[in-house]
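Dear colleague,

Please find below the structure that I am handing over to you. I would ask you to keep it open while you read the notes after it.

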Amino acid sequence: MELEDAVRKRARASGVVGGSAAGGPDRLSSLPDCLLHTIMSFLKARQAVQTCVLSTRWRHLWRSVPCLDIDFDEFNSKAPVIRLSSSDDSSSSDSDTSDSDSDRLQPRPFNKHFTKYKDWEDFEDFAVILMSRCNIAQLDSFRLHIDQTRAPVFSNRLAARWLCRAMKYCTPDHASKLGLSSGPWRLKRLHLCHVLLDDHFVKRVSSVCRSLEDLELDDCRCEIQSITSDSLKTLVLKNCECRSLSEIISPTLKTLVIDGGSNTDACMLIILAPALTYLHLAVDVYNFRGGFSLNEVPSVAKAFIHLQHHKYNYSGGSKLEGDQFKLLCSISNSTNFKLSGVGTRVLGKEPRFQEFKNLRSLFLDRCDLSDDFKTLVFFLWGSPILEKLTLQCCEFPKCSSKKKRMPMCNSISSSELRGLDLLCENLKVEIIYNDGHGPHLIRLLQRVLVNLSKNNIKLTKVN
């Protein structure tokens, strides 16, 4: 018995297909295609394809789903695998498209003697055929996720080839052959995980996906020199291994996230994004030895910068290791800024005055303030409308010899900082600490900010 008939027979016995559990009308199937497509967009690709066996109403709906999420995690050899047959490929004739897709769905039971990469083989068959059967050009969102711990070492290169092939052959002629609507690519969101990107792939995406707005790359290997776009609004690079990425250029980019990863050829990464409003930069200084140059980011309103290992005096030759005065000045228009993990060298030997005229919230997380609070003073001196200052687990001046672990009052003269308090007259401070000397920290901070009221200081102890 065919799989479709078997599934339908079991569903009818339970009162699911063709009506409700009580034998009523099938209200779900009576919904218009646009609503059903929206519902199916929340499913993984394999689940979406399996809806074709529900009824004739659902037979071809999966081909036009606006969001396609192909996830290797759906394939597990410990459970029965249903996959598209190899005969269902891009060379299918017009008569093939009229056949039920469920006729080509084949169950594959679990066998303990399967080879190591049997899950990958099933996934590869499914992904390749699916991308030839769906109207990729008309997708709004596409996600491809590969679990590298279960996939062969060459899986990232194969995945890139699948996408290139789909972009190459997804033409209006091919779409009409499959009975699908044709037109230019309208893809807006592309999320890739464990995929190899080279210059050929990036050029293909740029030339085909001209409406792309959100690009997210997770644990990808990027053998590219440049990311340029006239349509991108969000770019996320998480734990990506880059070799010689030297520039990110986009006049429309508003959100940029670089979280982890590396740029191994030690070339400077130049960022040209005049419309950028949110910057998230969390990297190890020794994995990005060439550093960053934010030439045009006047619109940044919210910024987070975490320079891991910046506080340690290693001689690694990284441009991010020492003076980052220019990097801090590049986000001087921000209203909300969080700086994490930096040492006393972040300002350089002779930092110049920099005005942070829009800054309202400053968060210093695990920063080294032991050098007479110079980093703190640098921000407060040029922030006339600062309202909230948070110091979380920061390092204060060296301990007193009389009372161990007790922070010392710094030696900055109060006359130097008296004008500072007048500028920050609405300032409220929160000190998040874990060393057990909260009250002393209040006295220490009041010594620096001579007009700061104790009522405007909040202490929060953490473990």
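The model is predicted, so local features need pLDDT of at least 70 and side-chain atom pairs count only at pLDDT 80 or more, while totals for chains, interfaces and linings use all residues. Residues are numbered from 1 along each chain as its sequence is written, and side-chain values use heavy atoms, with hydrogens and water left out.

Aromatic rings

A pair of aromatic rings is described by the distance of the centres and the angle of the planes. Rings of Phe, Tyr and Trp (its six-membered ring) pair if their centres lie within 6.5 Å; planes under 30 degrees apart count as stacked, over 60 as edge-to-face and the rest as tilted. There are 13 aromatic pairs in the structure. In one of them, the ring centres of W120 and F123 are 5.6 Å apart and the planes meet at 50°, so this pair is tilted. W120 and F123 are three residues apart in helix α5 (residues 118–133), which means that about one helical turn separates them. Helices (H or I, at least four residues) and strands (E, at least two) are DSSP runs, numbered from the N terminus. Both W120 and F123 are buried; buried means under 20% relative accessible area, exposed over 50%, and partly exposed in between (1.4 Å probe, protein chains only).

F325 and F378 form an edge-to-face pair, with 5.7 Å from centre to centre and 65° between the planes. Because F325 lies in helix α9 (residues 325–329) and F378 in helix α10, the pair ties together parts that are 53 residues apart in sequence. F325 is buried at a relative accessible area of 6%, and F378 counts as buried at 9%.

Ring pairs also join F72, F75, W120, F123, F126 and W162 into a cluster. Two arginines sit over rings of this cluster: R46 lies over the face of F75, 5.2 Å from the ring centre, and the charged end of R150 is over the ring of F72, 4.3 Å from its centre. A charge sits over a ring if NZ of Lys or CZ of Arg is within 6 Å of the ring centre and within 35 degrees of the ring normal.

Cavities

On a 1 Å grid over the protein atoms alone, a cavity is a set of points where a 1.4 Å probe fits but cannot get out, and lining residues have an atom within 4 Å of a point. A volume is the space filled by probe spheres set on the points, which are joined across faces, edges and corners. The structure holds three cavities of 30 Å³ or more.

The largest cavity has about 80 Å³ of space. Its lining includes I136, F142, W185 and C209, and α6 (155–169) supplies the largest share, three residues. The lining has twelve nonpolar residues, no polar and no charged ones. Ala, Val, Leu, Ile, Met, Phe, Trp, Tyr, Cys and Pro count as nonpolar, Asp, Glu, Lys and Arg as charged, and the others, Gly among them, as polar.

The second largest cavity has about 70 Å³ of space, and its lining divides into seven nonpolar, five polar and no charged residues.

Loop residues

H194, which is not a glycine, has a positive phi of about 60°. H194 lies in the loop between β5 (189–193) and β6 (196–198) and counts as buried at 14% relative accessibility. R366 likewise has a positive phi, of about 50°, and is partly exposed at 44% relative accessibility. L31, in the loop between α1 (3–13) and α2 (33–40), is partly exposed at 28%.

With kind regards

Note on methods
1 Å grid on protein atoms, 1.4 Å probe; cavity = no way out; pocket = protein on both sides within 12 Å on 5 of 7 lines; lining within 4 Å.
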